[in-house]
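Okay, thanks for having me. Have a look at what's on the screen, and I'll talk you through it.

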Amino acid sequence: MSEKRLCCAVMRINMDCNACCRKVRRILINMKEVETHVIEKKERKIIVCGQFRPSDIAVKLQKKMKRRVEILEIEHLSGDHGGGEEEHYHEPQYEYPVQPDQVTTPLLC
């Protein structure tokens with residue numbers, strides 16, 4: 001598992017203030033292997049997508065931020081390596097509540 005592959009990783013890091021969020025953002029932007037990222041300050045989570053090994057990103061963040069980084073979840077998005085592996089990415093399915101149609105609903109007098 002030493003090769004880099006396209007994946008998304010969810011990590012937890014302690015971010016106390018806005019300055020910590022800005023520092024994490026600056027670090028992630030300067031990493032060339034990271035394509036996109038989302039920072040959720042209230043949940044203290046970072047979602048990072050790109051072509052990398054999640055452990056490498058966690059170690060870099062830990063060294064630069066001087067805080068513990070915990071990998072919560074990893075999703076591999078591409079199966080180019082034909083090793084019979086399944087893709088773990090699933091399209092989210094949402095169920096919307098059914099609204100009664102005003103035209104077909106009978107009016108009660």
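Met15 sits in the loop between E1 and H1, where helices (H or I, at least four residues) and strands (E, at least two) are DSSP runs numbered from the N terminus. This is a predicted model, so local features need pLDDT of at least 70, side-chain atom pairs count only at pLDDT 80 or more, and totals for chains, interfaces and linings use all residues. Residues are numbered from 1 along each chain as its sequence is written, and side-chain values use heavy atoms, with hydrogens and water left out.

Back to Met15. Buried or exposed, what would you say for Met15? Met15 counts as buried, at 2% relative accessibility; the cut-offs are under 20% relative accessible area for buried, over 50% for exposed, and partly exposed in between, with a 1.4 Å probe and protein chains only. If you skip residues up to four places away in sequence, Met15 touches Cys20, Cys21, Val24, Ile39, Glu40, Lys41, Arg44, Lys45 and Ile46, contact being heavy atoms within 4.5 Å. Then there's Met65: 50 residues from Met15 in sequence, and 9.7 Å away in space, C-alpha to C-alpha.

Let me zoom out. The protein has two helices and four strands, and from the N terminus on, the order is β-α-β-β-α-β. Of its 109 residues, 27% are buried. Take the contacts between residues at least 6 apart in sequence: 66% of them join residues at least 24 apart. The protein exposes about 8,600 Å², and 50% of that comes from carbon and sulfur atoms; that's Shrake-Rupley with a 1.4 Å probe, and for residues only the protein chains shown count as cover.

Now the core. In soluble globular proteins, nonpolar side chains tend to be buried together. By nonpolar core I mean a set of buried Ala, Val, Leu, Ile, Met, Phe, Trp, Tyr and Cys residues joined through side-chain atoms within 4.5 Å. Which members of the largest one touch the most other members? Those are Ile46 and Leu61, out of 20 residues. Strand E1 (5–13), helix H1 (18–30), strand E3 (45–52) and helix H2 (54–65) each put in at least two residues, and H1 gives the largest share of this core, with five. As for Ile46, its contacts, leaving aside neighbours within four places in sequence, are Ala9, Val10, Met11, Ile13, Met15, Val24, Leu28, Val38 and Leu61.

On to the helices. H1 has 13 residues and goes 18 Å from first C-alpha to last, close to the 18 Å expected at 1.5 Å a residue; expected span here is 1.5 Å times one less than the number of residues. Its buried residues are Cys20, Cys21, Val24, Ile27 and Leu28. They're on the same side of H1, because they cover an arc of only 130° around the axis, taking the directions from the helix axis to the C-beta atoms. They pack against strand E2 (34–40), E3 and H2. On the face of H1 turned away from that buried side you'll find Arg22 and Asn30, both exposed.

H2 next. The buried ones in H2 are Pro54, Ile57, Ala58, Leu61 and Met65. Why do they end up on the same side of H2? Because the arc they cover around the axis is only 100°. The cover over the buried residues of H2 includes E1, H1, E2, E3 and E4.

Just after H2, Lys66 takes a positive phi of about 60°, although Lys66 is not a glycine. Lys66 lies in the loop between H2 and strand E4 (69–76) and is exposed, with a relative accessible area of 72%. Arg44, in the loop between E2 and E3, is another non-glycine with a positive phi of about 60°; at 38% relative accessibility, Arg44 is partly exposed.

And then Glu33, in the loop between H1 and E2. Glu33 is buried, with a relative accessible area of 13%. Not counting residues up to four places away in sequence, Glu33 touches Gly50, Gln51, Phe52, Ile57 and Lys60.

That's my tour, thanks.
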